Amino acid sequence: MHFTMNVPGLEEFNVMKTETIGSTYYIHVEKERKAHRCPACGEKTSRVHDYRIQKIQHLKMFERTSYLMYRKRRYACSCGKKFPEKARMVERYQRHTVEWNQALGLRTIQGKNFKDTADQFHTSPSTAMRRFDRLAAPMIQEGKELPEVIAIDEYKGDTDQGKYQVLIADGRTGEPLDILPDRTAATIKPYLREKGAKVEIVVMDRSPSFKSAVQQALGSPIIIADRFHFCRYMYWALDLVRRNVQKDFHEYDRKKCKRMKHVFHKSPDTLSEKQYWYLERYLNLSHELTDAYQL
């Protein structure tokens, strides 16, 4: 190279050469040889024991994935200790530079999801999740004692303990209070026993496992079915009646009733004139369907 270029983040290295292979940019670097202090005896030594090439992923350059091919020295001390030279750019046992880790950590917070962020940094979603966990760990606060009214529900996530997690929320405000790593009774019961001394009312779905865990952990709290699941069970029951009675309809009415099933789930005040006409028509075709709809 006939010129000197200071690349941000690589000030401590000497750039020996660069090369582009496909869509990947390789930068061959090494540090100046100088005396290092032995971590065992504290004496300084500049005797080199051996070299090795360490491949380290760095931030993109010129819209290309870039790697540092670091020619790393290992020094030998007179006491017999052998140790690698120190480099601020990369931590020990890491395959990514410090700046790469910092950039990925910030992007996991601002990005849409882990997969999209991982694709941008040419890495795996699990690596992006580990960087996010490292940043989030100091911010996580242990859950406090639960209030008198809580809401429990499961949701589909993805942890090393299962695909479903449990969300504990304030039953009055809806504010999330805590997340349990899985939905098993072995996880829910100890948690509720420890922090649910004040709980009197639990809003939840009609899951038998949830109900059993809540009753065993909290004694006999008031269990309230949440509005969504309460309405859904009613709609399922009404749909069951509709499917049974429409079998006896004319072929045209059977198909049309199936397509217009949403009119049975809406309040009559919100129906359009056309929708209301269909509702009246199919209710008049079956007294059983009329009774179920009125209930």
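Student: Where does Lys247 lie?

Tutor: Lys247 sits in the loop between helix H6 (227-245) and helix H7 (251-259). Helices are DSSP runs of H or I with at least four residues, strands are runs of E with at least two, and both are numbered from the N terminus. This is a predicted model, in which local features need pLDDT of at least 70, side-chain atom pairs count only at pLDDT 80 or more, and totals for chains, interfaces and linings use all residues. Residues are numbered from 1 along each chain as its sequence is written, and side-chain values use heavy atoms, with hydrogens and water left out.

Student: Is Lys247 buried or exposed?

Tutor: Buried means under 20% relative accessible area, exposed over 50%, and partly exposed in between (1.4 Å probe, protein chains only). Lys247 has a relative accessible area of 61%, so Lys247 is exposed.

Student: How many salt bridges are there?

Tutor: A salt bridge is a side-chain nitrogen of Lys or Arg within 4 Å of a carboxyl oxygen of Asp or Glu. The count is 11 salt bridges. One of them joins Lys31 and Glu12 at 3.4 Å, N to O. Lys31 is in the loop between strand S2 (24-30) and strand S3 (36-37), and Glu12 is in the segment before strand S1 (14-21), 19 residues apart. Lys31 is buried at 9% relative accessibility, as is Glu12 at 15%.

Student: Which residues are linked in a network of salt bridges?

Tutor: Glu251, Arg254 and Lys255 are. The Glu251 and Lys255 side chains meet at 3.8 Å, N to O. These two are four residues apart in helix H7, so about one helical turn separates them.
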